[in-house]
Amino acid sequence: GAGLLEVVQGSLPESSCVNYEIDLGSTVQVHTIPRYITFSAYPGEKIDLYANTGGQVLPCEETHTWKGELQSSSDRTIVIRPNDVSYAATKYYVSIITTATHQDFSLT
């Protein structure tokens with residue numbers, strides 16, 4: 001991340017989604033060394049994690065810039081590297097989507 005670690009707890013009913021707007025503009029700008037931006041959601045087996053910038057359209061399967069990959073720790077993680085063409089000091093929009101039954105989650 002950009003030096004921040006924030007944990008959001010949430011709950012999703014069956015076949016639903018939750019969206020977050022995370023403003024990393026000033027945080028990314030103050031670092032002289034570009035930082036990786038990481039979003040992780042747990043447990044990752046029953047959810048999808050998407051992110052984009054711009055805010056015109058919320059991220060989902062059809063409109064994401066980044067999609068979370070399932071890690072061995074059961075997290076679904078997005079890593080945005082400084083050399084990524086879409087990396088920016090801006091607002092990031094993150095969506096957690098489930099088609100499974102009710103699902104509690106943690107987003108970091």
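Tutor: Of the 108 residues in the protein, 37% are buried; here buried means under 20% relative accessible area, exposed means over 50%, and partly exposed lies in between, with a 1.4 Å probe and protein chains only. The model is a predicted one, in which local features need pLDDT of at least 70 and side-chain atom pairs count only at pLDDT 80 or more, while totals for chains, interfaces and linings use all residues. Residues are numbered from 1 along each chain as its sequence is written, and side-chain values use heavy atoms, leaving out hydrogens and water.

The protein contains 1 helix and 9 strands. Helices (H or I, at least four residues) and strands (E, at least two) are DSSP runs, numbered from the N terminus. In sequence order the pattern reads β-β-α-β-β-β-β-β-β-β.

Two strands are said to pair if DSSP finds at least two bridges between them. In general, the strands of a sheet pair through backbone hydrogen bonds, either parallel or antiparallel.

The two partners of β8 can now be taken in turn. Strand β2 (residues 16-23) is joined to β8 by 8 bridges, and the two run antiparallel. Within this pair, aspartate 23 stands opposite lysine 91 of β8. Strand β4 (residues 48-53) is joined to β8 by 6 bridges, also in the antiparallel sense. Here leucine 49 faces isoleucine 96 of β8 across the pairing, and tyrosine 50 has serine 95 of β8 as its bridge partner.

The protein holds another open sheet, which has 5 strands in the order β1-β9-β3-β7-β6 with antiparallel pairing. At its edges stand β1 (8-12) and β6 (69-70), each with a single partner strand, so one side of each is left without a neighbour in the sheet. Strand β6 pairs with β7 (residues 76-80) in the antiparallel sense over 2 bridges, and glutamate 69 stands opposite threonine 77 in β7.

Glutamine 103 lies in strand β9 (residues 103-107) and counts as buried because its relative accessibility is 10%. Contact means heavy atoms within 4.5 Å. Leaving aside neighbours within four places in sequence, glutamine 103 is in contact with Gly10, Ser11, Leu12, Pro43, Lys46, Ile47 and Thr98.

The loop between β7 and β8 holds valine 85, which counts as exposed because its relative accessibility is 81%. Its C-alpha atom is separated by 21 Å from that of serine 40, 45 residues apart along the chain. Serine 15 lies in the loop between β1 and β2 and, although not a glycine, has a positive phi of about 50 degrees; at 51% relative accessibility, serine 15 counts as exposed. Serine 74, in the loop between β6 and β7, likewise has a positive phi, near 75 degrees.

Finally, I return to the whole protein. A compact globule with 108 residues would have a radius of gyration near 13 Å, and the protein agrees with its 13 Å; this radius is taken over C-alpha atoms, and the globule rule is 2.2 Å times the number of residues to the power 0.38. The C-alpha trace spans about 45 × 30 × 20 Å along its principal axes. Of the contacts with a separation of 6 or more, 76% are between residues 24 or more positions apart.
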